[in-house]
Amino acid sequence: MSLLTVIGQLMSGMGMTCAIFFLTLLFSLPLGLVVALLRMHRNKVISVITRVYISIMRGTPLMLQVIVVYFAPYYVFRVQISQSYRFAAVIIAFVLNYAAYFAEIYRSGIQSVPQGQYEAAQVLGYSHSQTFLRIIVPQVWKRVLPAVTNEVVTLVKDTSLSFAIAEAEMFTIAKQISSKVASIWPLLAAGLFYYIFNLLVVLVCSRVEKHYSYYKI
Amino acid sequence: MNTYLQMNHIRKSFDGNEVLRDISLTVAEGQVVSIIGPSGSGKSTLLRCATMLETMDAGDLIYLGQYAARDEGGRSVYAPPAELRRIRKDFGLVFQNFNLFPHYSVRKNITEPQMLAGRSREEAEAKAEELLRKLGLSDKADQYPCQLSGGQQQRVSIARALALEPKILFFDEPTSALDPELTAEVLRVIRELAKQHMTMIIVTHEMQFARELSDYIIFMEHGLIQAEGTPAELFATDNQRVRDFIGRFQA
Ligand SMILES: Nc1ncnc2c1ncn2[C@@H]1O[C@H](COP(=O)(O)OP(=O)(O)O)[C@@H](O)[C@H]1O
Ligand SMILES: [Mg+2]
């Protein structure tokens, strides 16, 4: 294998890792809010079901969830698994898992907004949805940013778990190349990639936090 | 004079603990009514029932002749939501701990509620500017609540309530969260409003203030109105509990 082929393959792995990372965030950040609201729903049945979902997502390995989502169509419904489903399975499993974590973060954020904010809004004529979107969500967002940053850093590393179904992301490819060329360098290169990725994540998140530091809660 | 607010035979319990037992009060246009009494006597609960932050168990709540809640067989039955939304425009509430929106500038705190009520941005900003000038806060419009002193925050919250032009303004211990030197600036604003014949209902521990400002004072204890009357009547009462209470706060 030439060096150029190795680099080319690693690059495509990086692309896949980035795709998993951004798509997971794109869907799980908003879905987490929906899950948090269902979790706090008045209706006991809805809130209990949501609680069970969250607890399963947090209590079982993500790698296992990826495998289950990937193989479920075949084992449960006897549907032939197509090649393109591999990527979808990774995204579905990651989104479901991360939405559960984000939901718990949002929930504690929502509960930490003082009751007086809701009351002031009500007396000033805000509707329920105006109160939630204009008054509560922005304050929750600021409160949860540090916890969300932690999850995002973890997500960068967790993307490597999709090697369990041989999705061609950074780690899977590095591992393949490493055994093919009998060298540790591809793995170290992958490690460096994750490290730099996370440096960027932390940089961006602290920028965002700084952006919201114009007010105190 | 028009009756602005009428509450008849209000009852309210929290888990079997009866906090308001048969409270009635009437407030006419332009009147300033103070509510005094020991802590835990139900003053805040009464204000919260009047402003519909709590639902009453029994009794009528009537704003300018419109029933927000009507007692039917010993239970308060509330008007439909659309009507309650209309009635909410009749009053404003100033909280003990301000409850300004921390992520909004002073200006936005005052303009957004107006715009949600249907005013244009220009109207809302003109109104905010006028009120801030009146309350001596013109230079604070672009600051955030966390940058202001408690007294300034409370004045902003008064401006925010006034911007919606309520007919009645409720205050729940508006100076209790403030240092004594900041209390004066808020009391000055309320005094100014009284001069302009704003109809106000004020829960307060500032006895001297209540005495000079109020048309009527209500003394509450254990969820009941124990005594009520003009300041002259109440401060000359021979009801020992009232005398003790007033004496304690004047010392
Ligand atoms: N949301 C609530 N749940 C349970 N008890 C309450 C609630 N709000 C007030 N109370 C009780 O009602 C009583 C009167 O409270 P409050 O109206 O705040 O009195 P005040 O404003 O005169 O100090 C207190 O004993 C208080 O503990
Ligand atoms: Mg109180």
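Analyst: Two strands count as paired if DSSP finds at least two bridges between them. Strands (E, at least two residues) and helices (H or I, at least four) are DSSP runs, numbered from the N terminus.

User: Where does this structure come from, and how are its parts labelled?

Analyst: It is a predicted model, in which local features need pLDDT of at least 70 and side-chain atom pairs count only at pLDDT 80 or more, while totals for chains, interfaces and linings use all residues. Residues are numbered from 1 along each chain as its sequence is written, chains are lettered from A and ligands numbered from 1 in the order written, and side-chain values use heavy atoms, without hydrogens and water.

User: What is the strand order of the open sheet in chain B?

Analyst: The five strands of this chain B sheet run 2-1-4-5-6, with antiparallel pairing. Strand 2 (17-28) and strand 6 (76-78) of chain B each have a single partner strand, so they form the edges and one side of each lacks a neighbour in the sheet. On average, neighbouring strands are turned by 20 degrees against each other, direction ignored.

User: How many bridges join strand 5 and strand 6 of chain B?

Analyst: Three bridges join strand 5 (residues 66-71) and strand 6 of chain B, in the antiparallel sense. B:Arg70 has B:Val77, in strand 6 of chain B, as its bridge partner.

User: Which strands does helix 2 of chain B touch?

Analyst: Helix 2 (residues 81-88) of chain B packs on the sheet and touches strand 4 (58-63), strand 5 and strand 6 of chain B; contact means heavy atoms within 4.5 Å. The direction of helix 2 makes about 125 degrees with that of strand 5 of chain B. Axes are lines fitted to C-alpha atoms, for helices over the stretch in contact, and angles run from 0 to 180 degrees between N-to-C directions.
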